[in-house]
Amino acid sequence: MVFNDSRVMPARLRGNAQYRGGAIELLLLSRISPGVWRAIGRPDGFCARCRIRDYGQRRFDSGEVLEIEPEGERIIRLDGEERLHDVGEVPLPPYITETLADSERYQTVYAREEGSAAAPTAGLHFTDELLERVRAMGVQTIFVTLHVGWGTFRPVKTDDPTEHTMHSEYWELSSEAADAIRSAKADGRRVISVGTTAVRLLENAASLSADNLPQAGSGWADIFITPGYRFKVVDALITNFHLPRSTLLMLVSALADRGTIMRAYTEAVEQRYRFYSFGDAMFIH
């Protein structure tokens, strides 16, 4: 079983536009260079090259929108970046309406490397006790890192999915993890991915290798898996239920046939499962 051990960073910042006034909110997606980040913001129309100040109740020094990219992302400069953990909030998905007293509840128990704007939520079902039970059954647990960003949860707005542009997300695969996965494939053992982000990492890494098996390395993944895709590494998937018009649902539909997907979602509706990427999970194989 392969798990994504990326840790959610305190990526949500609240503040005010200095010149035009009014509250704004930023979600940091990825760090481009020291003090410079790619982000999305609300309201959508807040100005380019406007100053930002007073993040949260404690001052975050100041920031500035340097550029607005064609699809709406902001390139921003943040002063006082080192205080991000003091003033930033762990971003919660919109379907979680309660305020978490302990932000660790939105981290997997094995989260390690900070860098995600959202949790790899399939892993939230696993406790330390459950992981030990899985290992006691003879299952090998492998950890990889893909920092979840805009590429994972950005909705598909085009009628033709092939016109959708996937945004890149940073990944790392250690030699130990790569060797374990290659050994499993050579032995005919199944590789079960816990969550869609681990799928994207493994399949992206395999696509870079001449033998279609993942090699150790790191880089930026923008792979978009849709029905018809031939999987090179992943044999089965544990995943949550996903929203329509999402790249996540398209990936799941590439691994399972339409009938299987429809039966799973029909049962989920009838049984009033908790939906979207934080509730009940399903096993696709």
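**Helix 7 and the cores**

Okay, let's start on the outside of helix 7: Arg263 and Glu270 are exposed, and they sit on the face turned away from the helix's buried side. Keep in mind that this is a predicted model.

So what's on the buried side? The buried residues of helix 7 are Ile261, Tyr265 and Ala268. They cover an arc of only 55° around the axis, so they end up on the same side of helix 7.

Now the length check. Helix 7 runs over residues 258-270, and at 1.5 Å a residue those 13 residues should span 18 Å; the C-alpha atoms at its ends are 18 Å apart, so that agrees.

A quick look at the two ends. At the start of helix 7, Asp257 has a side-chain oxygen within 3.0 Å of the backbone nitrogen of Gly259. Just after the helix, Arg272 takes a positive phi, about 60°.

Okay, on to the cores. The largest nonpolar core has 35 residues, and Val2, Leu173 and Leu202 have the most contacts inside it. Who supplies it? At least two residues of this core come from each of strand 10 (142-146), strand 11 (169-173), helix 4 (175-187), helix 5 (196-207), helix 6 (247-255) and our helix 7. Helix 5 gives the largest share, six residues.

Let's zoom in on Leu202. Setting aside neighbours within four places in sequence, Leu202 is in contact with Val2, Ile181, Val191, Pro214, Val233 and Val234.

Note on methods
Residues are numbered from 1 along each chain as its sequence is written. This is a predicted model: local features need pLDDT of at least 70, side-chain atom pairs count only at pLDDT 80 or more; totals for chains, interfaces and linings use all residues. Side-chain values use heavy atoms; hydrogens and water are left out. Helices (H or I, at least four residues) and strands (E, at least two) are DSSP runs, numbered from the N terminus. The expected span of a helix is 1.5 Å times one less than its number of residues. Buried means under 20% relative accessible area, exposed over 50%, partly exposed in between (1.4 Å probe, protein chains only). The arc is that of the directions from the helix axis to the C-beta atoms. A polar contact is a pair of N or O atoms within 3.5 Å; within protein, one must be able to donate a hydrogen and the other to accept it, and residues adjacent in sequence count only if both atoms are side-chain atoms. A nonpolar core is a set of buried Ala, Val, Leu, Ile, Met, Phe, Trp, Tyr and Cys residues joined through side-chain atoms within 4.5 Å. Contact means heavy atoms within 4.5 Å.
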